[in-house]
Amino acid sequence: MKNKVLSKVTCLLAGGLLLTVASCSESQYLNTVPPTQLISEEAFATPSRILGLVNGTYKALKNANYYGGRFQFYLDVRGEDFINTTANSFTGYESWSNTYTSSSNDINTLWSAAYTTINQANILISGLPQNPGIVSDELAAQYLGEAKFLRALSYYSLVSIFAQPYVKNQGASPGLPLRLQAETTMANNDLARSSVAQVYTQILKDLDEAEASLPTTYATEELRVTRAHKNTAIALKTRVYLNMGNYAKVVEEARKIVPQTAAPFSATTGVQHALQSNIVSTLTTTFTTPESILSMPFSSLDMYSGQSSIGYIYNGNAEYYLNPTGILGSSQWSSTDARRGFLRTLTSNNRNYLSKFGRNAPYLIYMPLIRYAEVLLNYAEAAAETGDLTLATNLLKAVHARSDASYTFPAVTTKEALVNTILIERRIELLGEGFRSNDLLRRLQTIPAKTGPTVSAAAVAPTSENYIWPISNNELVTNKLINQ
């Protein structure tokens, strides 16, 4: 992290990052102070500055190259549901074709954005206990919970794509450098990779501690959607345990916020999460409904345009259309399904484009990170895998019926058939939200081949080197222990 340390905390907070700020004037770099002094004596000096650090960590998470949309985009186009038309490396072609190298720009910018978010969280986790009394104990505990949640989300995101799936060998593979202390210099840059299992252990430790200290709710709908609370940590744990193939733990966590065994399902503690009747408006206009467990808001102050915008790549520039032989052609996604409202069909070529993230610039949407529908599907898959086919079917039908009440599922008599139906439902419900390739990897399935009008991509087997992404070249160059 070769970045200048600013002498004015106001500049740090305005930029949203302690280590990378580009918007402050050159004069503000002239009188620097040691990084540790800056953190202890200035950044935590007032409640507003501490809140600025918290907000800055969320802002780091929604970097354009991270959960601002590009990360979700990379993960989805790796799968078989989108066809590329441009072979443009600046708009995800290397992800679509599974041809990334360590020096690829996407790899390096994503890795940097994720570890910047982790370091932001580490600064809070380290600095708050060292500066007691500036905010109340209750608020300090909340901020620590938020920081641990965001660190856990970032490590989960990285380990699920830069390391072998947990289920391959119960996490024995090399994982990630597990950075758990605040870094403001390169003094501690050399760090060996922890195992996949060790990374998951830390993720779950952070989430358990976050659940214990986060508030049950917030005073406004906006905060309930954009800041982590207890149910947010619980929901993410269902995703993490699903990745580990620990279905019993998915069930255990899901029951906390899905206590019913039949529809209508809803959370009865904390934020009252529930499916909303209109899925299209929930994701395109009414962003702060109880269905959203965590979303990243965008305004004119931090909007992403052009190739930085997921809405532009999917829809505005029409570089990726829905594969007719992918989920678009599934009989489970009928023509009367309301989720077809997320599609835009061009009459000039009869291709379907995803408009879930906006139809027109400047694409000022809330980026969904965790939705109640996902939790229900996580729960459904885990219930099926643990033998409760009735509950799994009820959960599956609740998600589908919200958008297509007239659809009748074929009779399913085996666990395998039901799980497959749930996986298809995930592809429909969560299309474009960053789940498809991870759903393949966590079940050790081959990434299917794709054939487009101008470019094609070969299938990628679990044994192939490019099944996972390569470690960032920037990390390889600056961390002497990364390969040990």
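**Figure 1. Charged side chains of the predicted model.** The protein carries 39 positive and 37 negative side chains, with Lys and Arg counted as positive, Asp and Glu as negative, and His and the chain ends not counted. The centres of the two sets are 2 Å apart, each charge being placed at NZ of Lys, CZ of Arg, CG of Asp or CD of Glu. This is a predicted model, in which local features need pLDDT of at least 70 and side-chain atom pairs count only at pLDDT 80 or more, while totals for chains, interfaces and linings use all residues. Residues are numbered from 1 along each chain as its sequence is written, and side-chain values use heavy atoms, without hydrogens and water.

**Figure 2. Strand S4 and its partner S8.** S4 pairs with strand S8, residues 367–371, in the antiparallel sense over 4 bridges; pairing requires at least two DSSP bridges between two strands. Within this pair, Met296 stands opposite Met367 of S8.

**Figure 3. Setting of the strands in the whole protein.** The protein contains 19 helices and 10 strands, taken as DSSP runs numbered from the N terminus (helices H or I, at least four residues; strands E, at least two). Of its 484 residues, 58% count as buried. Among contacts with a separation of 6 or more, 72% join residues 24 or more positions apart; a contact means heavy atoms within 4.5 Å. Along the principal axes, the C-alpha atoms fill a box of roughly 70 × 50 × 45 Å.

Note on methods. Buried means under 20% relative accessible area, exposed over 50%, partly exposed in between (1.4 Å probe, protein chains only).
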